[in-house]
Amino acid sequence: MKELRYVITDEIGLHARPAGLLVSTASKFDCNIKIKNKTKETDAKSILGVMSLGVRTGEEIILTFDGEDEEKAYEAIKTFLEANL
Amino acid sequence: MLNKLKEMFRKGNDNEITILSPIEGQACDITEVSDPTFSGKLLGDGIAIRPDKGRMVSPVSGTIAIFFDTKHACTIISDEGAEILIHIGLDTVNLKGKYFTSYKKEGDKVKPGDLLLEFNMEGIKEAGYDLISPIVICNSGNYSEIKTHTGNKVKELEPIIQIMQ
């Protein structure tokens, strides 16, 4: 199990487009990936779930990776977040 | 009891979910939308409406799952479980709610035709935004096929998407 903490700096937060991109990145991997913020936790492979977190700028998200390819997934999501959010 | 009766009288095939148009306008293929988030089906398969009227109504019987603070988009989960995202215009998140008036909130139960949102088409256009409004099924992957009816003008509540289980 790996954990990734990240503070969103995008001015508008985790809205529809970045949520879609995050989910499509997460969906490339077999491991279970959860995402949570201060209000709730959801499946990082569900577009509706990720959008429903309503993550705003300045807010911290915590992702957990659990499964065989968790290392690869962790790296891919980290790269995505740093480049986009 | 009532639910059982409703179940019995539900129209059409049980293996199909019908999504009605939430907006009056021209029904277009989702691939015609200039934003790759939608044309690339990143958020799911669906359709787009070029609005003729600044009104959005519920396309199904269901529950409002998300109403964005910026009011430009909302997600409804139909009673059958389809996750429907309706996004008014492109990049309109940047308007931060200006030109939008919402009439429902997260958690509200809705029926087809319930007014969800009004938007000022002139204001949005003058601010430089494309009004084309994608309607996508976020959990498209759960279904065998998403059929769309494009190429025509549609009124509110005309069928636009057929989801096959």
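Q: How many helices and strands are there in chain B?
A: The structure is a predicted model. In chain B of this model, the secondary structure comprises three helices and 14 strands.

Q: What radius of gyration does chain B have, against that of a compact globule with 165 residues?
A: The C-alpha atoms of chain B occupy a box of roughly 50 × 30 × 25 Å along the principal axes. For 165 residues, a compact globule would have a radius of gyration near 15 Å, and chain B agrees with this, its own value being 15 Å.

Q: Is B:Ser102 buried or partly exposed?
A: B:Ser102 belongs to strand S8 (residues 100-102) of chain B. A residue needs 20 or more other C-beta atoms within 10 Å to be buried. B:Ser102 has 19 within that distance, and therefore it is partly exposed.

Q: What distance separates the C-alpha atoms of B:Ser102 and B:Leu117?
A: Beyond its neighbours within four places in sequence, B:Ser102 is in contact with B:Phe67, B:Lys71, B:Leu116 and B:Leu117. B:Leu117 is 15 residues away from B:Ser102 along the chain, and their C-alpha atoms are separated by 4.3 Å.

Q: Which elements give two or more residues to the side of chain B that touches chain A?
A: The contact takes 11 residues from chain A and 13 residues from chain B. On the side of chain B that touches chain A, the elements giving two or more residues are strand S5 (62-67), S6 and S7 of chain B. The residues of that side divide into five polar, one charged and seven nonpolar.

Q: Which element gives the most residues to the largest nonpolar core?
A: The largest nonpolar core has 67 residues, and those with the most contacts inside it are A:Val50, B:Cys74 and B:Ile84. With five residues, the element that gives the most to this core is H1(A).

Q: Which elements of chain B do the buried residues of H1(A) pack against?
A: Helix H1 (residues 16-26) of chain A has several buried residues, including A:Pro18, A:Leu22 and A:Val23. Within chain A, the buried residues of H1(A) pack against strand S2 (32-36), helix H2 (47-52) and helix H3 (70-84). In chain B, they pack against helix H2 (36-39), strand S6 (73-78) and strand S7 (83-87).

Q: What is the bridge partner of A:Ile35 in S4(A)?
A: S4(A) pairs in the antiparallel sense with S1(A) over six bridges, and with S2(A) over five bridges. The covered face of S4(A) consists of A:Ile61, A:Leu63 and A:Phe65. A:Ile61 is the bridge partner of A:Tyr6, whereas the partner of A:Ile35 is A:Leu63.

Q: What distance separates the C-alpha atoms of A:Asp10 and A:Val50?
A: A:Asp10 lies in the loop between strand S1 (2-7) and H1 of chain A. Apart from neighbours within four places in sequence, A:Asp10 is in contact with A:Pro18, A:Thr57 and A:Leu85. A:Val50 is 40 residues from A:Asp10 along the chain, and their C-alpha atoms are separated by 16 Å.

Conventions. Residues are numbered from 1 along each chain as its sequence is written. Chains are lettered from A and ligands numbered from 1 in the order in which they are written. This is a predicted model: local features need pLDDT of at least 70, side-chain atom pairs count only at pLDDT 80 or more; totals for chains, interfaces and linings use all residues. A residue is buried if 20 or more other C-beta atoms lie within 10 Å of its own, exposed if 12 or fewer, and partly exposed in between; C-beta atoms are placed from the backbone. Helices (H or I, at least four residues) and strands (E, at least two) are DSSP runs, numbered from the N terminus. Two residues are in contact if their C-beta atoms, placed from the backbone, lie within 7 Å. Ala, Val, Leu, Ile, Met, Phe, Trp, Tyr, Cys and Pro count as nonpolar, Asp, Glu, Lys and Arg as charged, and the others, Gly among them, as polar. A nonpolar core is a set of buried Ala, Val, Leu, Ile, Met, Phe, Trp, Tyr and Cys residues joined through C-beta atoms within 7 Å. Two strands pair if DSSP finds at least two bridges between them. The radius of gyration is taken over C-alpha atoms; the globule rule is 2.2 Å times the number of residues to the power 0.38.
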